[in-house]
Amino acid sequence: MRPRYMETVEESLNDTAHILSAIVEEQLEQNSHSYLKFKNILHTLFSPVFENTNKRSFNAKIYSLLKTNTDIQVYITDEKGFVIFDSENYREGLDYSKFNDVYLTLQGKYGARSSKLLDKEGEGALFVASPIRFKNKIIGVLTVIKPKTGVIPFIEEAKRKFWRISLLVATAIAVLFSILAYLIFRPILRLSKYVSSLRKKEKAVFPKIGIRELNELGKEVDLLVEEIEGKKYIESYVQTLTHEIKSPLSSILASVELLHTHPNESDRLTKNIQEEAKRIQNLIEQLLELSSLEGKKSISLEDRVFVYELVEEAISNFQSELQWKSISIVIHCEDTNWEIKGNRNYLYLSIKNLIRNSIDFANENNTINIEIHKELDNFLKLSVIDEGHSIPDYALTRVTEKFYSLPRPTNNRKSSGLGLSIVNQIVDLHGGKLEIQNRNPHGVIVSLWFPKN
């Protein structure tokens, strides 16, 4: 920035020097004998002008800087390089023939230099010269001087403006870059989070991605993961179904063989065949229910479900079991018209599974309490509370895992281990939560939390 300013000032000084030298040449042309009085003519021409100029004061607001006086200086040398006029009155008689401004100009070249003034510690000045000709001969050199102290304030102000503008531009670029980076990387981040959710086997909906290429990539990844998961899913279910069916099927085959050799025990053996066949049927039904849930990332939640009514409907399916074990179910609900938005069929299935578990683990003459009430955080809470056997501490955190089951107290047999896993899936799809805890001294509380709409 500084060299550019100095170049601009030098260009102006060059014009000024040539104008002043032209004025001197014009005076010499008017009188052919004036060459003999060259020094006198210079003093007559310039001394009054500079005296008057140095006395002048003014207020010139040049952009943001105030200028109150002129600082241009002039000296003129003869053809030998001796100063014969000086606007500052201290250079006359000095030999300047070795200084570049005078030396080069006397040779017909462009003469200029940058040197110190009287103040050796100061910034110095620019010296730009122009030849004075008489009858096509150089008879002198006119040098115009501009102290740098008059230029430095403009340079400093320009620096301040430059840094202010640079800071503003840099800030604008940074903001623009941040916005562009956000717009570019946000879809990538969303896609990354989606892939991470798939890897963790969380239910996630494919995000909206504005960049077509990334959108296509995400869909291809989604399809690939679905294919891989689908293959693993089928393999897992086939293995599990084979394992779970093996035991009841062996029991059925054994009972059929015993029917031929022990016809007198046909009633017991037929009942065993019926129970084991029902066990296989329940397993297959629950596997189908769970597979239909796990294959979905979302379900329709548009039904208006009256929770009290749904609980009553689920209880009606267990009347024979309740009578056989002398178990009673009591519903506690402040308002039978409380409702939530969700999928009625799946909600019915979840409540039915909870009641079935409570009946299986309840003792004779027990009471199962079902509480429905609103929570302060705008959730509807449904709790199934029984007085039966508590869940061992080691199993409390695992009972919602697929195929994890505890033996029933009545016959010491395990169930499919899918009931609570199904409930957990349904609650998750409804944006709620499942909570299981033991009662003191015995019994279990299973609570479902559903957001109220």
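This is a predicted model: local features need pLDDT of at least 70, side-chain atom pairs count only at pLDDT 80 or more; totals for chains, interfaces and linings use all residues.
A: Residues are numbered from 1 along each chain as its sequence is written, and side-chain values use heavy atoms, leaving out hydrogens and water.

Q: How do I read a sheet, and in what order do the 5 strands of the open one come?

A: Look for pairing: two strands pair if DSSP finds at least two bridges between them. The order in this open sheet is β4-β3-β7-β6-β5, with antiparallel pairing. β4 (83–86) and β5 (112–115) are the edge strands, each pairing on one side only. From one strand to the next, the twist averages 25°. Follow β3 (residues 73–78) and you'll see 3 bridges to β4, where F85 is the bridge partner of I76.

Q: Which helix lies across β3, β4, β6 and β7?

A: Helix α2 (residues 38–55), running at about 20° to β4. For such angles, axes are lines fitted to C-alpha atoms, for helices over the stretch in contact, and the angles run from 0 to 180 degrees between N-to-C directions.

Q: How many aromatic pairs are there?

A: Rings of Phe, Tyr and Trp (its six-membered ring) pair if their centres lie within 6.5 Å; planes under 30 degrees apart count as stacked, over 60 as edge-to-face and the rest as tilted. The whole structure holds 6 such pairs. One of them is F46 with F50, a tilted pair at 6.4 Å centre to centre and 55° between the planes. In general, an α-helix has 3.6 residues a turn, so residues three or four places apart point the same way. F46 and F50 are 4 residues apart in helix α2, which puts about one helical turn between them. F46 is buried at 5% relative accessible area, and F50 is buried at 12%.

Then there's Y75 with Y96, an edge-to-face pair at 4.9 Å centre to centre with 85° between the planes. Y75 is in strand β3 and Y96 in the loop between β4 and α3 (100–106), so this pair links parts of the chain 21 residues apart. Both of these tyrosines, Y75 and Y96, are buried.

Q: How should I describe two packed helices, and at what angle do α9 and α10 pack?

A: Two packed helices are described by the angle between their axes and the distance between the axes. For α9 (residues 344–361) and α10 (residues 419–429), that's about 145° and 9 Å. Contact means heavy atoms within 4.5 Å, and the residues making it include L347, L354 and N357 of α9 and L420, V423 and I426 of α10.

Q: How many residues of α10 are buried?

A: 9 of its 11 residues are buried, so α10 is largely enclosed by the rest of the structure. Among them are S421, Q425 and V427. After α10 comes G431, with a positive phi near 75°.

Q: In which sense do β9 and β11 pair?

A: Parallel: β9 (residues 328–333) and β11 (residues 367–374) pair over 6 bridges, with I331 and I370 as bridge partners. β11 is also joined to β12 (residues 379–385) by 6 bridges, and these two run antiparallel. N369 stands opposite I385 there. Their hairpin has 4 residues between the strands, and N378 takes a positive phi near 65°.

Notes:
Buried means under 20% relative accessible area, exposed over 50%, partly exposed in between (1.4 Å probe, protein chains only).
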